[in-house]
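The following report is written for a reader who wishes to inspect the model alongside the text. It moves from an annotated region to the overall architecture, then to the ligand and to single residues.

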Amino acid sequence: MAKQEDIFKNVVSHAKEYGFIFPSSEVYDGLSAVYDYAQNGVELKKNIREYWWKSMVQMNENIVGLDAAILMHPTTWKASGHVDAFNDPLIDNKDSKKRYRADVLVEDHAEKINQKAQKEIEKARARFGDAFNEEEFVATNARVVEYLSKYKEILSRLAKGMTDDLQDVKALIEELEIADPETGSRNWTDVKQFNLMFGTKLGASADSAMDLYLRPETAQGIFVNFLNVQKSGRMKVPFGIAQTGKAFRNEIVARQFIFRMREFEQMEMQFFVRPGEEMKWYHHWKETRLNWHLSLGLGKENYRFHDHEKLAHYANAAADIEFNFPFGFKELEGIHSRTDFDLKAHEQYSGRKLQYFDPELNENYVPYVVETSVGLDRMFLAVFATSLQEETLEDGSTRTVLKLPSVLAPTKAAVLPLIKRDGLPEISKKIIDDLKWDFTVAYDEKDAVGRRYRRQDALGTPFCITVDHQTIEDQTVTIRHRDTMKQDRVKISELKDIIENEVSMKNWLMKM
Ligand code: ATP
């Protein structure tokens, strides 16, 4: 099997070569952790967004949409806690002048120890075969016990240092003799907090300009509009407000392609509930969101929940849906029970009431909130990386195929005239003119038809429709299926139904 690193490199280069993702402003050598979505990427991204929007807004009569501005009154971020607490702990290496996230240095070090334990476990599994009892081995093998207890001890000391005293994190780095990964130097500064928000200014003259932030999350735009939406939409608790849009974070360790970006897009939904009912809804949304992911058919084994033990100051329950990315299981989506923290904070800072009158209980209250928050770019990476496959065919040749869930595929069908004359291009264009009202379709007449098939496979196009001389006689074409490579002869008049049946959001979302 190919190494994880190679798989990931392949994902990045395929995304560029086939027009999905380019580095931002590449002519100037790019901008770190900022990316542009190209002609195919923008379609895939739009389809993921629509798949989310449809399941959230269109399918739920008590959830409505919103598109709040990126720029917000700066007090928003004071109230939300971002000005004071949206920090990463930074450490500089005095020799190399390189800057790192102190917690990441420690986590990476701990992970190496964990990997040693995992290697022992895998070796034992190979040795004992079916008779292997992992639980017993992990509990009794001296080396594994030592590695795992060291691993856990480091993480728990890190967690404590992060909340109590950053000097303890520095001490931990020194004690573990963690070196600069690039130069090996162990000459570190103290650990300092660094705010992740990007600042900017509103207004023309230097004295009157107001300091603003680019929003680091979309959620606050929903909170400050809570009462506007509730009143104008006559919404009754429980109800939700959904929003997709850009967020900005000045991430220090920005790596892993579009997994951690400085400008990214979130898809968030805040669900407002009666105080005391938040746990019921928290569990409801955990399950619903996992089912949404599973409906895409990328494999149940690629998802897992990670329940948070240490909670953010505003939460009384939180879990991540983690996905098996090419570099391991990492957060894809967060589900948080945020209590009434945000609405209460905005009441306090604005001096306005943000309460709901519940006609059934005949009382006013600040609703509790359950949030679901998924990164659109991370979702893109999850779908794209898992779909990219190398297949060995029966004749021993290989093909690269992007087995995207067809509902998300940028192009649903490519129409290919077998040759460039005898009226075949004209018929092809007529087919396209008919299909393009319902689907994104492409035309390709260049190269031998086999090569054109391979190109569409690499782009993830579910169907290739080939027009040949028989088409002129009987109005039939061959339709080739991307995943099976099976070809059927069908009537032109049947094409729309065949494609619709395979790619319609309804059919996919019904699997939820
Ligand atoms: P992480 O721990 O990975 O930094 P987070 O816990 O800070 O993520 P949240 O604030 O809960 O993330 O944001 C919700 C979602 O937004 C995440 O689950 C992720 O999918 C996405 N997201 C957060 N930060 C980034 C980023 N820098 N680039 C791309 N997506 C991001």
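UniProt, in an unreviewed entry, places the feature "coiled-coil region" at residues 107-134; UniProt positions are given in the numbering used here, feature names are shortened, and annotations may be inferred rather than shown by experiment. Over residues 107-134 the chain is 82% helix and 0% strand, with the end C-alpha atoms 25 Å apart. Helices (H or I, at least four residues) and strands (E, at least two) are DSSP runs, numbered from the N terminus.

The model is predicted, and for that reason local features need pLDDT of at least 70 and side-chain atom pairs count only at pLDDT 80 or more, whereas totals for chains, interfaces and linings use all residues. Residues are numbered from 1 along each chain as its sequence is written, and side-chain values use heavy atoms, with hydrogens and water left out.

**Architecture**

The protein has 18 helices and 23 strands, and its C-alpha trace spans about 80 × 65 × 55 Å along the principal axes. The domain assignment, an automatic or database one, gives domain 1 (1-68 + 196-388), domain 2 (87-195) and domain 3 (393-509). The centres of domain 2 and domain 3, taken over C-alpha atoms, are separated by 50 Å. Of the 512 residues in the protein, 50% are buried, where buried means under 20% relative accessible area, exposed over 50%, and partly exposed in between (1.4 Å probe, protein chains only).

**The ligand and its surroundings**

The ligand is surrounded by 15 residues, of which the closest are Glu251, Arg260, Met261, Glu331 and Leu332; a residue is counted here if one of its heavy atoms lies within 4 Å of the molecule.

| Residue and atom | Ligand atom and distance |
|---|---|
| Phe259, backbone N or O atom | nitrogen, 3.4 Å |
| Arg260, polar side-chain atom | oxygen, 2.7 Å |
| Leu332, polar backbone atom | oxygen, 2.9 Å |

Taken alone the ligand exposes 590 Å², and the protein buries 82% of that; accessible areas come from the Shrake-Rupley method with a 1.4 Å probe, and for residues only the protein chains shown count as cover. Strand S10 (263-273), strand S13 (328-339) and strand S16 (368-375) are the elements that give two or more residues to the shell around the ligand, and S13 gives the most, with 5 residues.

**Annotated site and single residues**

For "binding site", the unreviewed UniProt entry lists residues including Arg101, Glu217, Phe264, Glu371 and Ser373. The listed residues are spread over 275 residues of sequence and also in space, up to 27.2 Å between C-alpha atoms. Ser373 lies in strand S16 and counts as buried because its relative accessible area is 10%.

Glu391, in strand S17 (residues 388-392), counts as buried at 18% relative accessibility, and its side chain makes a polar contact with the side chain of Lys403 (2.5 Å).

Technical notes. Polar contact = N/O pair within 3.5 Å; in protein donor to acceptor, adjacent residues only side chain to side chain.
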